Amino acid sequence: MNSISNGQVAEVLERLHQEAEAADAPLAAIAVSEAATREEMITQVVKDEADDLKGTYHGFAENFLNVSPELGRFLYMCARACKAKRIVEFGSSMGISTIYLAAALRDMGGGRVIGTDLVPSKVERARANVAAAGLSEIVELRVGDARETLKSGVAGDIDMVLLDGAFTLYLDVLRLLEPHLRPGAIIIGENAFEQASGYIDYVRNPQNGYLSQSLPFEAGRGNELTIKTS
């Protein structure tokens, strides 16, 4: 069974990707018009997060900032390849990536996606989108700073993690989840930039129990694939 290629889930994803493209087009246009280099844009976001994390992301409340269809398919494939039962997502936004992950779990018989986002209105929309895809029974969405919302635990071992929230919190969130990661767990970091948080240096150091490298597609997005080795 592959529910992201046709049927209800595929239809919802197609609609959401179209909505995301329209919603985020002005933001992309501003980035192009400012003619900033990739490094300058990353540096600015890191600074903005350090100055006002909540304000920065509440400013993006109407933006999807979502994974692409290509990365979404990759997430689905990774979840199925590792036979995931419990997935944690940092930065659920409007729920597009959540749907890819939850679809993989349901197509394998069930499981749990635990997502979290800082912006309450995004979580409300994500819940509605997940429901439209018929996946609500598999998904739990928490509202607030992931360093707090995930502190209470996830009720079991984690098979897969998606990091797609505030750039500067990736390492903090990973360290919070580490006690629950099973050997062989997959961690996908989108926008896992070297300029932010020390995350890349940490996961690329084998002494920390990981094997990690950048993904060879969507150059510049900072996509990183990491495996928990011990």
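1. The accessible surface of the protein comes to about 10300 Å², and carbon and sulfur atoms account for 53% of it (Shrake-Rupley method, 1.4 Å probe). The model is predicted, so local features need pLDDT of at least 70 and side-chain atom pairs count only at pLDDT 80 or more, while totals for chains, interfaces and linings use all residues. Residues are numbered from 1 along each chain as its sequence is written, and side-chain values use heavy atoms, leaving out hydrogens and water.

2. The protein contains nine helices and seven strands (DSSP runs of H or I, at least four residues, and of E, at least two, numbered from the N terminus). Its C-alpha trace spans about 45 × 45 × 35 Å along the principal axes.

3. Of the 230 residues, 52% count as buried (under 20% relative accessible area, 1.4 Å probe, protein chains only). Among contacts (heavy atoms within 4.5 Å) between residues at least 6 apart in sequence, 75% join residues at least 24 apart.

4. There are 22 positive and 32 negative side chains, and the centres of the two sets lie 7 Å apart. Lys and Arg count as positive, Asp and Glu as negative.

5. Helix H8 (residues 170-177) has as its buried residues Tyr170, Leu171, Val173, Leu174 and Leu177. They cover an arc of only 160° around the axis, which puts them on the same side of H8. Their cover includes the strands E1 (86-90), E4 (158-163), E5 (181-189) and E6 (210-214), together with the helices H7 (146-149) and H9 (199-203).

Technical notes:
Buried means under 20% relative accessible area, exposed over 50%, partly exposed in between (1.4 Å probe, protein chains only). The place of a charge is taken as NZ of Lys, CZ of Arg, CG of Asp or CD of Glu. The arc is that of the directions from the helix axis to the C-beta atoms.
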